[in-house]
Amino acid sequence: MDLIQKYGRTALIAGASEGIGASFAYYLAAAGMDLVLIARRVQPLGQLAELLKNEHKINVTCTSCDLADPDALRQIQESINDREINLLVYNAAQSYIGPFTMNSAEDNSRITRLNMITPLNMVHYFGEKMLVKKRGAVILMTSLAGFQGSGFLTLYAATKAFNRILAESLWYEWKDRGVDVIACCAGATATPGYLNSNPGRSGFFVPRVQSPEEVVKECLRKLGSQPSVITGSGNRFASFIMQKILPRKLAITIMGDTTRKMYGL
Ligand SMILES: NC(=O)c1ccc[n+]([C@@H]2O[C@H](COP(=O)([O-])OP(=O)(O)OC[C@H]3O[C@@H](n4cnc5c(N)ncnc54)[C@H](OP(=O)(O)O)[C@@H]3O)[C@@H](O)[C@H]2O)c1
């Protein structure tokens, strides 16, 4: 698919400095798109921008913004002015791994803003403009953790379920209005965020860890043709067993047990 022809020239990636977000930047740059890259850390964003500008002769701008700030959308609006955004990737997220009550209410609110409120606000703002132009695309990164209760990943899993349902619902609302929406449901992916969480050995039910490139390639391939994609055949198989074969109680128990073992909880 020619992304520029279908959606327009400019993509915004929220959470672009490393991992899956940086991988989206590589692929969209290779497709010739101009990029707006957002994350908190200026240095890795700047390095990535320089690399992509030199390699692909595209326009790349960077905005440093904490997407957990209550006024994150306003900061982004100020920094990009009225620039048209044709493809939005909301990738940034954080998780707390551990017993639910051990995390502070304040941190829960921060994670909720980062994982749910800011993507909601951004999809509302940029999606409305795309609908006026009758073209555009939105990709929300979500996770297999959001398919069922996932003990010790409780808030993260709940926020990821929110994003999947948001994307799938908008896929239906907007599919005949020129705007494609997809929820990209990844399983374990070898990113700095995942590797820094120090996952250990876990149960028997664990699919292969994917690379960020694999996740992004599959997601872009499915954009426009379906409301959500589970990346990786191992993840699809595991999800099939968990959602369609096992009783829900057992699926939830397996998720909780696996997380507990992986993180020695
Ligand atoms: N990796 C996995 O195993 C996995 C599995 C399933 C789903 N996912 C989903 O895939 C997405 C990306 O995961 P990842 O592993 O690539 O994450 P990561 O390696 O931790 O990278 C996250 C990106 O988001 C940015 N970010 C984090 N907090 C931010 C904040 N408060 N404000 C602005 N930017 C922020 C980070 O940049 P700065 O630190 O510079 O701000 C970074 O660029 C997430 O939505 C995650 O839920 C990942």
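Mentor: By class, the shell around the ligand consists of 15 nonpolar, 11 polar and five charged residues; Asp, Glu, Lys and Arg count as charged, Ala, Val, Leu, Ile, Met, Phe, Trp, Tyr, Cys and Pro as nonpolar, and the others, including Gly, as polar. The model is predicted, so local features need pLDDT of at least 70 and side-chain atom pairs pLDDT 80 or more, while totals for chains, interfaces and linings use all residues. Residues are numbered from 1 along each chain as its sequence is written, and side-chain values use heavy atoms, without hydrogens or water.

In total, 31 residues surround the ligand (a heavy atom within 4 Å of it). Ser 17, Arg 40, Asn 91, Tyr 156 and Thr 191 are the closest of them. Four elements each supply at least two residues of this shell: the helices α2 (19-30), α6 (154-174) and α7 (192-196), and the strand β5 (136-143). Helices (H or I, at least four residues) and strands (E, at least two) are DSSP runs, numbered from the N terminus.

At Ile 20, a polar backbone atom is 2.9 Å from an oxygen atom of the ligand. Glu 18 also places a polar backbone atom by a ligand oxygen, at 3.3 Å. With Gln 94 it is a polar side-chain atom, 3.5 Å from a nitrogen atom of the ligand. The ligand taken alone exposes 890 Å², and the protein buries 92% of that (Shrake-Rupley areas, 1.4 Å probe).

The protein also holds one cavity of 30 Å³ or more (points on a 1 Å grid over the protein atoms alone where a 1.4 Å probe fits but cannot get out; lining residues have an atom within 4 Å of a point). The largest cavity contains about 40 Å³ of space, the volume filled by probe spheres on points joined across faces, edges and corners. Its lining is made up of Tyr 96, Gly 98, Phe 100, Asn 108, Phe 152, Leu 153, Thr 154 and Leu 155. Five of these lining residues are nonpolar, three are polar and none is charged.

Two loop residues complete the picture. Asn 81, in the loop between α4 (72-80) and β4 (87-90), has a positive phi near 55 degrees although the residue is not glycine. Asn 81 is exposed, at 58% relative accessible area (exposed is over 50%, buried under 20%, partly exposed in between, with a 1.4 Å probe and protein chains only). Lys 134 sits in the loop between α5 (105-133) and β5. Its phi is positive too, near 60 degrees, and Lys 134 is exposed, with a relative accessible area of 62%.

Conventions
On a 1 Å grid over the protein atoms alone, a cavity is a set of points where a 1.4 Å probe fits but cannot get out, and a pocket is an open set with protein on both sides within 12 Å along at least five of seven lines; lining residues have an atom within 4 Å of a point. A polar contact is a pair of N or O atoms within 3.5 Å; within protein, one must be able to donate a hydrogen and the other to accept it, and residues adjacent in sequence count only if both atoms are side-chain atoms.
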